[in-house]
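Please read these comments with the model open beside you.

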Amino acid sequence: MQAIHSMKNIRNFSIIAHVDHGKSTLADCFIRSCGALQEREMVAQVLDSMDIERERGITIKAQTATLRYKSEQGGEYELNLIDTPGHADFAYEVSRSLGACEGALVLVDATQGIQAQTVANCYKAVAQGLDIIPVINKIDLPGADIERTTSQIEQIIGLSVENLLCCSAKTGAGTREILEAVVHNFNSPQGDPQAPLQALVIDSWFDAYAGVVVLVRVMAGELRQKAKVRFMEDGIERYANEIGQFTPRATPCDTLTCGQLGYLIGAIKDLSVAKVGDTITTASHSATKALPGFQQVSPQLFASFFPIEADLFVQLKEAFERLRLNDSALTLEYENSVAFGQGVRCGFLGMLHLEIIQERLSREHQVESIITAPSVAHEIELTDGSIVIVKSAAELPSPTRIRRICEPMAEVTILQPEQYVGSVIQLCNAHRGRQLAMEQSGLQAISRWRLPMAELVMGFVGELKSATHGYASFDYEASGFEVADIVRVDILVNGDGVDALSMLVPRGMAERRGRELLIKLKDAIPRQQFKVPLQAVIGGKIIAREDIRALRKNVLAKCYGGDVTRKKKLIERQKRGKKRMRKFGNVDIPQEAFLAVLDMSSGNG
């Protein structure tokens, strides 16, 4: 691939949209139209490299492709395309992608219209000063309503529709028009090619053969192969053994010039060296100032994974370490549980992120594990004035040391047809929501709420879809902490506490949540030879109880007549034996019991 020598002929742009509006399929059209891959090499969603992405039909990791396009008006251009995720859990991937672009295509499904993630991602692009072109997709479908969708783009997002384009990513119609608009409507990158090197780290991941691969956007200067480079945050220096671009295959080159996107491989074994948002410069002619970088992503949800058998912990630990190499948003801490021994405490961006990691753990590494109930991190102010962050109920300090408990909050944007406004208000009020704003735009209503993050975890999404028959969409972002009346609910099985089942819940909902969990456990834990009480406890007070009935052997089966005192003696002996078994017997809690808790937490129970 010959180099593009002029920055004026480079275009860096992103495709942003709601889930399933056709971003990856449109990217396939661009790749096919530019001839980057031969037809025999093309597969559906070619930029979705993970099997789980193809099966679920979603993009999890933002992917890039450098394409060569010959304009109909003359001139050859380098198009650096970034295909982004659409799910709210992976919004941080979108923010990073937009930071490397000058323009964005806002893709809207002609059958569904504007959705919550479309609005959220578009606002991110506007805030970063990007050029925006609205594109209506799926115009070939019978239910396509271009006129209504155009009106929504204008009214809900507030975008001008003067340069609006229509396409069908499935058939390829309108692809050339979009590429022409990208070339002529988006600005070329800015920067000083003669200045010291400043390359922004957009992403990094681990390759089994090459080590850490660093995705960079050159903001100033140029990056040469074999040059000695420095990561400015930690001052670590490495040689750029290989640099290149994804076309979409990895294609080595000699130089990445100002404005280009590409990758760097430099014998890096640890992802912590190549932090996302760091600035790379040359060791001999260093830049004096680092680039602003990105806001660090922080996990919103925590859950513990324990091996089914204690001697499998090393296998579980190694599997998580390998998963973290390709997922910088996954955080790991090692912990010990009284009930399960050694385990891994993981931080996730949301329930979808947790489900994907759980599936990859099983599919890619063949590791089965016990998963505890997901929880959010709470901020605890102690009586001595210090602040601690608690990620699970088991970590909660003694009540005598706690001055107040603050729970994490989220600002939620919900788009719903106007006939479902009442249902959404009722649902959000039931989940302790506080309404911030309500706007009407045609037949669509946009409501903004402040909800506890824990409520979003506890089945809110499923209930929202049910309440609006699947027509509502939502987006959220973390929004600090608020003081709340939170209590710790402990679960006792046969009088013994199971710390992995403890949970932090609002006091007013503690009894209901505790009873729901006990009913789940009653069905999941097999019956024993003795009666097993299940109790939900706050402090020393029992707030809910369920009993698992004992399996009872018929000890009178061989008594055919005779003195009744003999029958009474056999029954009394059985009662004494069961009482002794209950005192000394152990109750094995199967994995299904913990999966039942996870099922309740995800709103599928």
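The points below start with the whole chain and then move to single sheets, a hairpin and a surface patch.

1. Overall make-up. This is a predicted model. The protein has 605 residues, and 53% of them are buried. Its secondary structure consists of 13 helices and 31 strands.

2. Contacts and surface. Take the contacts in the protein with a separation of 6 or more: 69% of them are between residues 24 or more positions apart. The accessible surface of the protein is about 27400 Å². Carbon and sulfur atoms hold 49% of that surface.

3. The mixed sheet. Six strands make an open sheet here, ordered E2-E3-E1-E4-E5-E6. The pairing is mixed. At the edges are strand E2 (63-70) and strand E6 (165-166), and each pairs on one side only. Helix H5 (residues 146-157) packs on this sheet. H5 touches E4, E5 and E6, and its direction makes about 155 degrees with that of E5.

4. How do E4 and E5 run, parallel or antiparallel? Strand E4 (residues 103-109) and strand E5 (residues 131-137) run parallel, joined by 7 bridges. Leu105 stands opposite Ile133 in E5, and Val108 has Ile136 as its bridge partner. E5 is mostly covered, with 6 of its 7 residues buried.

5. The hairpin. Strand E7 (residues 198-207) is largely enclosed by the rest of the structure, because 7 of its 10 residues are buried. The cut-off behind that count is under 20% relative accessible area. E7 and E8 form a hairpin, with 3 residues between them. The pairing of E7 with strand E8 (residues 211-220) is antiparallel, over 9 bridges. Within it, Trp205 stands opposite Val213 in E8.

6. A further partner for E7. E7 is also joined to strand E16 (residues 279-282). The two run antiparallel, with 2 bridges. Ala199 has Ile280 in E16 as its bridge partner.

7. The antiparallel sheet. Another open sheet has 4 strands, in the order E18-E19-E17-E20, with antiparallel pairing. Which strands lie at its edges? They are strand E18 (331-337) and strand E20 (369-371), each pairing on one side only. Neighbouring strands of this sheet are turned by 30 degrees against each other on average, direction ignored.

8. Pairing and packing in the antiparallel sheet. Strand E17 (residues 301-307) pairs with strand E19 (residues 341-348) in the antiparallel sense, over 5 bridges. Here Phe302 stands opposite Gly347 in E19. Helix H8 (residues 351-365) packs on the sheet and touches E17, E19 and E20. The direction of H8 makes about 20 degrees with that of E17.

9. A nonpolar surface patch. Which residues form it? Ile387, Ile389 and Phe481 do, with about 260 Å² of accessible area together. Ile387 lies in strand E22 (residues 387-390). Is Ile387 buried or partly exposed? Its relative accessible area is 47%, so Ile387 is partly exposed. That class runs between the 20% and 50% cut-offs.

Definitions and conventions: Residues numbered from 1 in each chain as written. Predicted model: local features only at pLDDT ≥ 70, side-chain atom pairs only at ≥ 80, totals over all residues. Heavy atoms only, no water. Buried < 20%, exposed > 50% of the residue type's maximum accessible area, 1.4 Å probe, protein only. Contact = heavy atoms within 4.5 Å. Areas by Shrake-Rupley, 256 points an atom, 1.4 Å probe, with all protein chains shown as cover. Pairing = 2+ DSSP bridges. Axes fitted to C-alpha atoms, helices over the stretch in contact; angles between N-to-C directions. Patch = residues over 30% accessible without salt bridge, like charges linked within 9 Å, V, L, I, M, F, W, Y side chains within 5 Å. Salt bridge = Lys/Arg side-chain N within 4 Å of Asp/Glu carboxyl O.
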